[in-house]
Every structure is written in C-alpha cells, then in structure tokens.
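Here are my notes on this model, as numbered points. Please read them with the structure open.

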Amino acid sequence: YRQMINHCMATDMPVAICHTQKELSPGKAPADLKDALHSNQATYRPYDVFSAGTCKLRERLEDGRLLVDVHITERYRRVAEVQLLPYQVYLCEPVVDRKMSENELQACLELKDKIIHRLTALIPASSTAGDKLISILKSEEWSAKSVTAFSFELFGLIRFQADLLQNILEMDSPEARLNRALELLNS
C-alpha cells in the first residue's frame with residue numbers, strides 16, 4: 001500500500017476507494033506488526049464500480065505508515081486488469097449518470113428538501129455532533145449543492161451498511177439515490 005500511495009502521489013493517478021465483494025483466499029496470519037505492514041493484502045476482489053480521487057499525504061509516521069486524504073472526484077468501472085502485484089492497477093472508465101429530464105430535476109429538488117427536513121427532525125439537537133450536522137445541512141453550501149452532488153455527499157454525513165452504499169454508488173440516477181435515501185431515513 002505504501003508503494004501504491006507513493007506511486008499515485010507521484011503520478012497523480014487516482015486512488016480507488018472500494019468495497020470488496022468476497023474473500024478470494026484467506027490471508028496468512030502475520031507473525032508480527034512489521035510482517036503485517038509488509039505483507040501482500042490482495043486477498044479480496046473489489047466491486048467493478050468504485051469511487052476514486054487524488055491522494056494527498058498528511059503525515060508520514062516513524063514506522064513508515066502514511067496518513068493520507070483521498071479527495072473523491074469520480075466513479076469508475078473496472079474495464080481491464082493492468083497489474084495485480086505489488087498492488088492492483090486497472091484500466092477504468094468513468095461511470096456517468098443518465099441525463100435527467102426537467103421533471104426529474106424538479107423531483108430531485110423536492111427530494112433534497114424532504115431529506116434535509118427529515119434528517120433535521122431525526123438528529124438530536126442537544127448534542128454537539130447533532131448541532132454541527134444540523135448546521136451543515138442548513139448551510140448555504142449544502143443548499144447550493146447540485147442534486148447529483150447532494151445525492152452522493154449525503155452519504156458522507158450518514159452511514160449505512162457497505163452493501164447498501166455499494167448499491168447506491170452503482171445507481172445511475174440522482175432521483176433513484178435520493179428516493180432510496182429518503183426511504184432509508186423514513187424506516
């Protein structure tokens with residue numbers, strides 16, 4: 001992973017953040033922390049659709065670990081394997097939402113308002129985290145977000161199971177994502 005992150009930072013290659021489908025083979029139990037940090041972790045198969053973005057180094061720790069920020073900018077679909085070791089590299093294509101009609105856009109704007117209203121009602125306002133989240137949701141920045149951006153960034157504020165998030169990531173419509181989000185919040 002260190003080689004991969006260093007390569008991605010040096011070449012501006014996006015770093016993929018993905019959910020894994022299944023275990024391909026059980027990883028060997030490391031003898032110690034050093035062995036764990038230097039062993040190959042390629043024992044899982046990633047989903048074909050994933051998010052990716054540029055990587056920035058925040059801190060390099062004394063033991064060699066890297067603290068990084070990955071700024072997600074795009075969804076991709078795996079097309080072809082380029083390299084598996086020492087880290088995976090794939091040829092990919094962007095995943096783009098289908099074009100929305102005016103009616104769909106209007107429906108999305110209404111869903112966005114309903115979601116903000118529902119979330120605000122669910123959040124306990126007496127807590128520091130709740131107050132902060134309500135402040136974010138009611139901010140001009142969040143009201144100005146496009147329905148597409150909102151339909152993804154919403155899931156950075158609230159957490160659901162990984163399989164559900166993968167399903168949402170693969171949807172090709174902001175309206176479908178927002179309907180699913182509202183359905184989840186209402187349940």
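1. Val82 lies in strand 5, which covers residues 66-83. The model is predicted, and the points below should be read accordingly. Val82 is exposed, because its relative accessible area is 56% and the cut-off for that class is over 50%. Together with Val79 and Leu91, Val82 makes a nonpolar surface patch of about 280 Å².

2. Strand 5 also supplies Asp69, the partner of Arg58 in strand 4 (residues 49-60). The two side chains form a salt bridge whose closest N and O atoms are 3.4 Å apart. Arg58 is exposed at a relative accessible area of 61%, whereas Asp69, at 39%, is partly exposed.

3. Asp97 sits in the loop between strand 6 (89-94) and helix 3 (102-122), and the partners are 22 residues apart. Are these two residues buried or exposed? Asp97 has 17% relative accessibility and Arg75 has 6%; both values are under 20%, so each residue counts as buried.

4. The side chains of Glu153 and Lys145 meet in a salt bridge at 2.5 Å, N to O. Glu153 counts as partly exposed at 35% relative accessibility; Lys145, at 14%, counts as buried. Elsewhere, salt bridges that share partners join Arg75, Asp97 and Arg177 into one network. The count of salt bridges comes to eleven.

5. Ser146 is placed in the loop between helix 5 (140-143) and helix 6. Its relative accessible area is 41%, so Ser146 is partly exposed. Ser146 and Leu105 are 41 residues apart in sequence, and their C-alpha atoms are 9.8 Å apart in space.

6. How do helix 6 and helix 8 pack, and at what angle? Helix 6 (residues 147-157) and helix 8 (residues 174-186) pack at an angle of about 40 degrees, and their axes are 9 Å apart. That angle makes helix 6 oblique to helix 8, because the roughly parallel class needs an angle under 35 degrees. The crossing of these two helices is left-handed.

Definitions and conventions. Residues numbered from 1 in each chain as written. Predicted model: local features only at pLDDT ≥ 70, side-chain atom pairs only at ≥ 80, totals over all residues. Heavy atoms only, no water. Patch = residues over 30% accessible without salt bridge, like charges linked within 9 Å, V, L, I, M, F, W, Y side chains within 5 Å. Areas by Shrake-Rupley, 256 points an atom, 1.4 Å probe, with all protein chains shown as cover. Salt bridge = Lys/Arg side-chain N within 4 Å of Asp/Glu carboxyl O. Helix = DSSP H or I, 4+ residues; strand = E, 2+ residues; numbered from the N terminus. Buried < 20%, exposed > 50% of the residue type's maximum accessible area, 1.4 Å probe, protein only. Axes fitted to C-alpha atoms, helices over the stretch in contact; angles between N-to-C directions. Parallel < 35°, antiparallel > 145°, perpendicular 65-115°, else oblique. Left-handed = near helix turned anticlockwise from the far one by under 90°.
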